[in-house]
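User: I would like to learn how to read a model of this kind, taking one feature at a time. Could we start with the contacts between charged side chains?

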Amino acid sequence: HYWGMPLSETCDALEKHAKGSCESGMQWQDTAYWICTFSNNQHRKDEEVGPSWSESSFYLALCSGSLRGTCMIVDEEALPLTRSWC
């Protein structure tokens, strides 16, 4: 996700993704998304990540038993792909 993109476009993209990837018998509205920016304070990342990467919210989310996949939201210029951490 690129924060230059309006939040409404992010929400629209997540809704479209949820509707397209919803398992049979599930309501798309029950699909939950973990968004890294909302998971930790970007201005206090050293404190948020902890002493080890295995304690970070990123790692814990990816190792969660309920994780079904990942979703990258890309703007028209694909700017998230210009950052090495994405």
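User: Which side chain meets that of Arg 68 in a salt bridge?

Analyst: A salt bridge here is a side-chain nitrogen of Lys or Arg within 4 Å of a carboxyl oxygen of Asp or Glu. In this predicted model, the side chain of Arg 68 meets that of Glu 23, at 3.2 Å from N to O. Arg 68 lies in the segment after α4 and Glu 23 in the loop between α1 and α2, so the pair ties together parts that are 45 residues apart in sequence. Helices such as these are DSSP runs of H or I with at least four residues, and strands are runs of E with at least two, numbered from the N terminus.

User: How many salt bridges does a search of the whole structure find, and where does the partner of Glu 15 lie?

Analyst: The search finds 2 salt bridges. Glu 15 pairs with Lys 19, their closest N and O atoms being 2.8 Å apart, and both residues lie in helix α1, 4 residues apart, which is about one turn of the helix.

User: Is Glu 15 buried, partly exposed or exposed?

Analyst: Buried means under 20% relative accessible area, exposed means over 50%, and partly exposed lies in between, with a 1.4 Å probe and protein chains only. Glu 15 is partly exposed at 30%, Lys 19 is partly exposed at 47%, and Glu 23 is likewise partly exposed at 42%. Asn 40, in the loop between α2 and α3, counts as buried because its relative accessibility is 10%. Over the protein chain, buried residues make up 15% of the 86 residues.

User: Which residues form a nonpolar patch on the surface?

Analyst: Patches are made of residues with over 30% relative accessible area and no salt bridge, like charges being joined within 9 Å and nonpolar side chains (Val, Leu, Ile, Met, Phe, Trp, Tyr) within 5 Å. Trp 3, Leu 7 and Phe 38 form such a patch, with about 340 Å² of accessible area together, an area that comes from the Shrake-Rupley method with a 1.4 Å probe, where only the protein chains shown count as cover for residues. Phe 38 is placed in helix α2 and counts as exposed because its relative accessibility is 55%.

User: How much space lies in the largest pocket, and which residues are the closest to its centre?

Analyst: Rolling a probe the size of a water molecule over the atoms shows where empty space is left. On a 1 Å grid over the protein atoms alone, a pocket is an open set of points with protein on both sides within 12 Å along at least five of seven lines, and lining residues have an atom within 4 Å of a point. The largest pocket holds about 1300 Å³ of space; of the 36 residues that line the largest pocket, Trp 34, Ile 35, Cys 36, Thr 70 and Cys 71 are the closest to its centre. Helix α1 gives the most to this lining, with 4 residues.

User: How is the protein chain built overall?

Analyst: The secondary structure of the protein chain comes to 4 helices and 0 strands, and its C-alpha atoms fill a box of roughly 40 × 35 × 20 Å along the principal axes.

How values were computed
Residues numbered from 1 in each chain as written. Predicted model: local features only at pLDDT ≥ 70, side-chain atom pairs only at ≥ 80, totals over all residues. Heavy atoms only, no water. 1 Å grid on protein atoms, 1.4 Å probe; cavity = no way out; pocket = protein on both sides within 12 Å on 5 of 7 lines; lining within 4 Å. Points joined across faces, edges and corners; volume = space filled by probe spheres on them.
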